[in-house]
Amino acid sequence: TVTAWGDNTYGQTNVAAGLTTAVAIAQGGHHSLALNVDRTVVAWGLNTNPFTQTYVGQAPPPPGLSNVVSVAAGTVSSLSLMLDGTIVVWGDSGQTNPPAGLANVVAIAAGDSFSLALKNDGTVVAWGGNTYGQTNVPMGLGGVVGIAAGGTDAVAIRTNGTVMVWGWNGYNQTNVPASATNVVAVAAGDYHGLALKADG
């Protein structure tokens, strides 16, 4: 089951009725997603862009969506990674246009106005808003094993346990601390980042 708390201006903490088989969750700007054990997706919360008040439909998943293995939620978009390594994106138009032919995806992440996909060859693909260079994946970046998307910055863990961050640096969020070694997981907020090290 899923429990939600905090600001409920847009119904984002009103967990969908009858949700009892969730195996993963994702939190967007003003909406929430849950992945069910049967590989379907449930969504609730805002369906409009909070800045323009235009309908973008990030909360209701496309009809018939199934065979989903993970979900991610941005400010005005939602992503699902499919069993076959492709992705389905819905919501605001800028983020719903992944590069043609994108396949072999093993992980996804969503930021304020951009999205990331990690491929099984260790490379990263980014698309959407690029005001701060958040979709400009560093040249030669490979060996990536994990990704995260902040508000306007992107984070990648490499096989050697180091972290690469690119995008907006207004609060030093792209200045990775020297202590960020042997990293096994990352997370990114609007203006900060976190790294979990192998030593706990």
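Analyst: Let's start at Y191, which counts as partly exposed at 46% relative accessibility. On this scale buried means under 20% relative accessible area, exposed means over 50%, and partly exposed is what lies in between, using a 1.4 Å probe and protein chains only. Before going on, keep in mind that this is a predicted model, where local features need pLDDT of at least 70, side-chain atom pairs count only at pLDDT 80 or more, and totals for chains, interfaces and linings use all residues. Residues are numbered from 1 along each chain as its sequence is written, and side-chain values use heavy atoms, with hydrogens and water left out.

Y191 belongs to a cluster in which ring pairs link it with Y132, W168 and Y171. A pair of aromatic rings is described by the distance of the centres and the angle of the planes. Here, rings of Phe, Tyr and Trp (its six-membered ring) pair if their centres lie within 6.5 Å; planes under 30 degrees apart are stacked, over 60 edge-to-face, and the rest tilted. That rule gives four aromatic pairs.

Take Y132 and W168: their centres are 5.6 Å apart with 50 degrees between the planes, a tilted pair. It ties together distant parts of the chain, 36 residues apart, with Y132 in the loop between β9 and β10 and W168 in the loop between β12 (163-167) and β13 (183-188). (Strands are DSSP E runs of at least two residues, numbered from the N terminus.) Y132 has a relative accessible area of 40%, so this residue is partly exposed. W168 is partly exposed too, because its relative accessibility is 26%.

Back to Y191 and its partner Y171: the ring centres are 4.9 Å apart and the planes sit at 50 degrees, so this pair is tilted. Again distant parts of the chain are linked: Y171 is in the loop between β12 and β13, Y191 in the loop between β13 and β14 (193-197), 20 residues apart. With a relative accessible area of 53%, Y171 falls in the exposed class.

What about aromatics elsewhere? W166 is among the residues with the most contacts inside the largest nonpolar core, a 13-residue set. Such a core is a set of buried Ala, Val, Leu, Ile, Met, Phe, Trp, Tyr and Cys residues joined through side-chain atoms within 4.5 Å. The elements giving two or more residues to it are β8 (114-119), β9 (124-128), β10 (144-149) and β11 (153-158).

How values were computed
Helices (H or I, at least four residues) and strands (E, at least two) are DSSP runs, numbered from the N terminus.
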